[in-house]
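Here are my notes from going through the model, as promised. Have it open alongside while you read.

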Amino acid sequence: MAKESGDASGPIIEMRGVDKWFGEFHVLRGIDFSVARGEKIVICGPSGSGKSTMVRLINRLESHQRGTIVVDGIELADDVKAIEAIRREVGMVFQQFNLFPHLTVLQNLTLAPTWVRHMPKREAEELAMQLLNRVRIAEQADKYPAQLSGGQQQRVAIARALAMRPKVMLFDEPTSALDPEMIKEVLDVMIELAREGMTMLVVTHEMGFARTVADRVVFMDRGEIVETGKPEEFFSAPKTDRAKLFLSQILGH
Amino acid sequence: MTGSRAIRWLRANLFYSVPSSLTTLVLLYLAWRLVPPFFDWAFVHAVWTAPQPSICRNAAGACWAFIVEKHRFILFGTYPYAQQWRPGLGILIFLALYVVSAMRACWRPWLALVWLGGLALIGALMWGGVPGLPYVDDGRWGGLMLTLILATFGIAAAFPLSVLLALGRRSNMPAVRTACVLYIELIRGVPLISLLFMASVMLPLFLPEGLTIDKLLRAQIAMVMFAMAYLAEVVRGGLQAIPQGQYEAAEALGLSYWRKMLLIILPQALRISIPPLVNTFIAFFKDTSLVVIIGLFDLLTAVKVSLNEPAWSGYGMEAYLFAALVYFAFCFSMSKYSQRLERDLSRGRKHILRED
């Protein structure tokens, strides 16, 4: 039980020499990476660079084969209880929203707090409504996910993750599946969250978002962290050719 | 105007080519030769009540009086005559359970308790052995009631077990997975009759001396084992249709395996499996008639046995038509219900899409 909360001053996420393979394919190579509490990090890179996989390692949606990953003082291994303990503290937002279609918006938010945190139903519902207000979608509480637009669904998904009161939020390309006119409403919610001090790891190509909130930008290519820097440095003066090429490609059009 | 439309319709649908015209004519001829005589036999000249069997002997039509005379035996088999209100009440409880389960508003966790209570009540009624209800050995159960017992208890036991089996087949644990695959493939590879034979002939040989399981229970176990394997494959199909993202979202929230399955995956997977599940239920309902080979008195056997009385022999047509009608009533209701359910669920989805 002492493992439940780690050293409050140390990094919340620490990866040391992490390697991962999908069969023969070496997705992540020697990743050394740590995140301080309260830090906001944007991870970018070409597709297939391993950025999503790296984020998914943190809550064990993927498992690594070499190296160590410590999240909030708990080392990730095959121990199911430790994995569930970490998942309680780490919220995740997916590209495809992944709301539960058979439950209403409100039920999507109250499910995990009641079943995992054993929160009384009333309290969970109050918390859910509070969060839905925060993502400006409270009036849709009794609808089903399929009745909402993509942007609304993604805001519900963010609120669902927040309902567990996580210490870290992971965003895996949260706006990539959205129509352009809906991207802003989701980014606004994320910016607000960042201002409130949430620790965030965001895989995204939204460079405006990165400039606004990121403390650090991590650039990945072919399974490696190629470059890390403050957003203004990274965007104006990338140090590596690979980063220059990538930036010219995404900013070029 | 309407006349020419009718002719055009006939042309387009019944006489659009030489083979189609020939087929139409042949079918019309057959209908003309078969339907009116059947109608005459079944209704016009039929005998509905006959205090003496001889009245039927002299009639030109069907002897439905035979069914009227034998209905208690067909419904309840050799259950003690004076106690037959008990299986009668049992049939009503079964029907009530079916109706309640058919209403979607009742698809709540308490429905499982209602089922447990209903089935326990039926067991108590049928066996008795409590004050006011004399004990009746299950060797004397029979007729429609036995068919309903085998089918309903069978499905009620096989369905939850099949869900476990389906989950086991998709488990990450190799031993569990292999065991489930072996079980499913083994059972699906043999006919139900051979399982029933094994249950009635071979199983007692393997049991320690002194321990006996009665015949009805052995047959029921064999049928549950059989239905489980088929239902498990249907459930597995539903599980496979659920996107990976649903599993990941549940896991990312910290839900344990069983909570993830019970709260997120199964509610969705079972919903889409309803039509094939009902299909398997229908097949299973009819398969209960195979218990005749190990000497149980189900509906079909009861009908056959009632023909053995010399005074009433020779009415096989009426007897089997009636049995067919009873099976049909149950199976057709299941089929109709599953179609309605399918339509309701897909209408719900379309409705949602329109609002989007």
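**Notes on the predicted model**

1. Let's start with B:Phe66: its relative accessible area is 0%, so B:Phe66 counts as buried. Keep in mind throughout that this is a predicted model.

2. What does B:Phe66 pair with? Its partner is B:Tyr315, in a tilted aromatic pair with 6.0 Å from centre to centre and 40° between the planes. The pair links distant parts of the chain, 249 residues apart: B:Phe66 belongs to helix α4 (residues 65-76) of chain B, while B:Tyr315 is in the loop between α14 (299-306) and α15 (316-355) of chain B. B:Tyr315 is buried too, at a relative accessible area of 6%.

3. Over all chains, the search of the whole structure turns up 21 aromatic pairs. Another of them is B:Phe39 with B:Phe43, which counts as tilted because the planes are at 45°, with the ring centres 5.2 Å apart. These two sit four residues apart in helix α2 (residues 18-44) of chain B, so about one helical turn separates them.

4. Over in chain A, have a look at A:Phe219, A:Phe234, A:Phe235 and A:Phe246, which ring pairs link into a cluster.

5. A:Arg160 lies over the face of A:Phe100, 4.5 Å from the ring centre. In chain B, the charged end of B:Arg72 sits over the ring of B:Tyr81, at 4.1 Å from its centre.

6. How many disulfides does the structure hold over all chains? There is one, and it joins B:Cys56 to B:Cys63, with the sulfur atoms 1.9 Å apart. The link is right-handed, with 80° about the S-S bond, and both B:Cys56 and B:Cys63 are buried.

7. On to the second largest pocket, which holds about 1000 Å³ of space. It is lined by 31 residues, of which B:Asn172, B:Glu251, B:Tyr257, B:Lys260 and B:Met261 are the closest to its centre. Both chains take part: α2 (80-89) of chain A and α7 (143-169), α11 (244-252) and α12 (257-272) of chain B each supply at least two lining residues. By class, the lining has 15 nonpolar, ten charged and six polar residues.

8. There are three cavities of 30 Å³ or more. The largest has about 50 Å³ of space, and its lining consists of A:Arg134, A:Val135, A:Leu162, A:Val189, A:Glu192, A:Leu193 and A:Glu196. Helix α6 (residues 180-195) of chain A gives the largest share of that lining, three residues. Four of the lining residues are nonpolar and three charged, with no polar ones.

9. The second largest cavity, at about 40 Å³, is lined from both chains: A:Met92, A:Phe94, A:Ala157, A:Arg160 and A:Ala161, plus B:Ala249, B:Ala252 and B:Leu253. So where does most of the lining come from? The most comes from α5(A), with three residues; α5 (150-162) of chain A and α11 of chain B each supply at least two. The lining divides into seven nonpolar residues, one charged and no polar. A:Arg160, from point 5, turns up again in this lining.

Conventions
Residues numbered from 1 in each chain as written. Chains lettered and ligands numbered in written order. Predicted model: local features only at pLDDT ≥ 70, side-chain atom pairs only at ≥ 80, totals over all residues. Heavy atoms only, no water. Disulfide = S-S within 2.5 Å. Buried < 20%, exposed > 50% of the residue type's maximum accessible area, 1.4 Å probe, protein only. 1 Å grid on protein atoms, 1.4 Å probe; cavity = no way out; pocket = protein on both sides within 12 Å on 5 of 7 lines; lining within 4 Å. Points joined across faces, edges and corners; volume = space filled by probe spheres on them. Nonpolar A, V, L, I, M, F, W, Y, C, P; charged D, E, K, R; others polar. Phe/Tyr/Trp six-rings, centres within 6.5 Å; stacked < 30°, edge-to-face > 60°. Lys NZ or Arg CZ within 6 Å of the ring centre and 35° of its normal.
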